[in-house]
Amino acid sequence: MSSQFPEARPRRLRRNASLRSLFQETEFSLNDLVLPIFVEEEIDDFVPIKSMPGVMRIPESKLAGEIERYARAGIKSVMTFGVSHHLDSNGSDTWNDNGLVSRMSRIAKDAVPEMIVMSDTCFCEYTDHGHCGVMHNLEVDNDQTLLNLGKQAVAAARAGADVIAPSAAMDGQVQAIRRALDAAGFTQTAIMAYSTKFASALYGPFREAGGSALKGDRKSYQMNPMNRREAVRESLLDEQEGADALMVKPAGAYLDIIRDIREASRLPLSAYQVSGEYAMIKFAAQAGAIDEDRVVRESLGAIKRAGADLIFTYFAMDLALAGI
Ligand SMILES: [Zn+2]
């Protein structure tokens, strides 16, 4: 039995749509997708985000209705990002039980209790300088920020968040949050660590979406995009600190990293298709250069194929409305 041409003909399994779907190796469904959302306080109307066509800031007053709409379409989970009007030097609104972080989780869980609410846990949307923690001598103070992350995580858990998702890229943040949650009795609240988060230029449109005040960059705490070994190390450190699930962010340009971490850890692994990835597809489609729906599916399929279990994507609602 030869395994070479002319006996071997891979095209046999590609001859028609039924054969192709039967032998398709990778699939994704709404069970795998998380929709990130931007919620702004003290506004009345939706605000389109110009650099992310189709994505809007949601007025807090309309959040409940939106969560119900997502649930009807089949969305299982959202990640909440707040656009705050209460900025200060350390982002203290985030651990106020009546602050925006807490209110988003409360409103979402009240609207649809079975919706899994992941609370992005950071400070950059709540600080007047736009950095992800407390500034000290022009640097983000790692250990002071850890204390505040613990406070924010407990407030979000108390408000009903199912999953705490720390994105501040501080050393030791998963351990600090796990200890704070457990000490407050939230032993069942899970941590989805942004365990390998690169200092990527692909976050550009998010800055507009979140109304970021940042001047400068986050290279002293987020990872160098050129580092593959360190990327695995970062995720494994978060596993040791008690993360329930890991994440690679961004996704599409980091498929090798997703695969590396998939093979190094047994934890669930997610990947975040970020605002710049979304914008590149949207604007290319608007220019007539690519077929949006096909490229979206190819991009998400590739992220799954690389080894991600979950994908955070701004396209989740489009796919849900399309019936996937
Ligand atoms: Zn941040």
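Let's start in the loop between strand S4 (77-83) and H3, which is where Ser-84 sits. This is a predicted model, so every value below is computed from it. Ser-84 counts as buried because its relative accessible area is 9%, and buried means under 20%. Its side chain makes a polar contact of 3.4 Å with the side chain of Glu-41, and it also reaches the backbone nitrogen of His-86 at 2.8 Å. Setting aside residues up to four places away in sequence, Ser-84 touches Glu-41, Asp-93, Leu-100, Glu-125 and Tyr-126.

Next, the metal. Which protein atoms are the donors of the zinc ion? They are the SG atoms of Cys-122, Cys-124 and Cys-132, lying 2.2 to 2.3 Å from the zinc ion. Along the sequence, these donor residues follow the spacing C-x1-C-x7-C. Cys-122 and Cys-132 each lie in the loop between S5 and strand S6 (135-136), so the pair ties together parts that are ten residues apart in sequence. Cys-122 is buried, with a relative accessible area of 2%, and Cys-132 is buried as well, at 0%.

Now for helix H4, which covers residues 142-158. H4 has 17 residues and runs 24 Å from its first C-alpha to its last, close to the 24 Å expected at 1.5 Å a residue. Asp-141 caps the N-terminal end of H4, with a side-chain oxygen 3.2 Å from the backbone nitrogen of Asp-143. After H4 comes Gly-160, whose phi is positive, near 110°.

How much of H4 is covered? Most of it: twelve of its 17 residues are buried. Among them are Asn-142, Leu-146, Leu-149, Gly-150 and Val-154.

Gln-173 is buried, at 2% relative accessibility. Not counting residues up to four places away in sequence, it touches Leu-146, Leu-149, Pro-166, Ser-167, Ala-168 and Glu-241. Leu-146 and Leu-149 are among the buried residues of H4. Gln-173 and Asp-143 are 30 residues apart in sequence, but their C-alpha atoms are 8.8 Å apart in space.

Finally, there is a helix pair to look at. The axes of H8 (residues 255-264) and H10 (residues 292-306) come within 8 Å and cross at roughly 30°. That makes H8 roughly parallel to H10, because angles under 35 degrees count that way. In this pair, Leu-255, Ile-258, Arg-259 and Arg-262 of H8 meet Ala-302, Ile-303, Arg-305 and Ala-306 of H10.

Arg-262, in helix H8, is worth a stop. Is it buried or exposed? At 18% relative accessibility, Arg-262 counts as buried. A polar atom of the Arg-262 side chain lies 2.8 Å from the backbone oxygen of Leu-267. Leaving aside neighbours within four places in sequence, Arg-262 is in contact with Leu-267, Pro-268, Leu-269, Ala-306, Gly-307 and Asp-309.

| Residue | Relative accessible area |
|---|---|
| Ser-84 | 9% |
| Cys-122 | 2% |
| Cys-132 | 0% |
| Gln-173 | 2% |
| Arg-262 | 18% |

Methods. Residues numbered from 1 in each chain as written. Predicted model: local features only at pLDDT ≥ 70, side-chain atom pairs only at ≥ 80, totals over all residues. Heavy atoms only, no water. Helix = DSSP H or I, 4+ residues; strand = E, 2+ residues; numbered from the N terminus. Expected span 1.5 Å × (residues − 1). Buried < 20%, exposed > 50% of the residue type's maximum accessible area, 1.4 Å probe, protein only. Polar contact = N/O pair within 3.5 Å; in protein donor to acceptor, adjacent residues only side chain to side chain. Contact = heavy atoms within 4.5 Å. Donors = N, O, S within 2.8 Å, 3.2 Å for Na, K, Ca; no water. Axes fitted to C-alpha atoms, helices over the stretch in contact; angles between N-to-C directions. Parallel < 35°, antiparallel > 145°, perpendicular 65-115°, else oblique.
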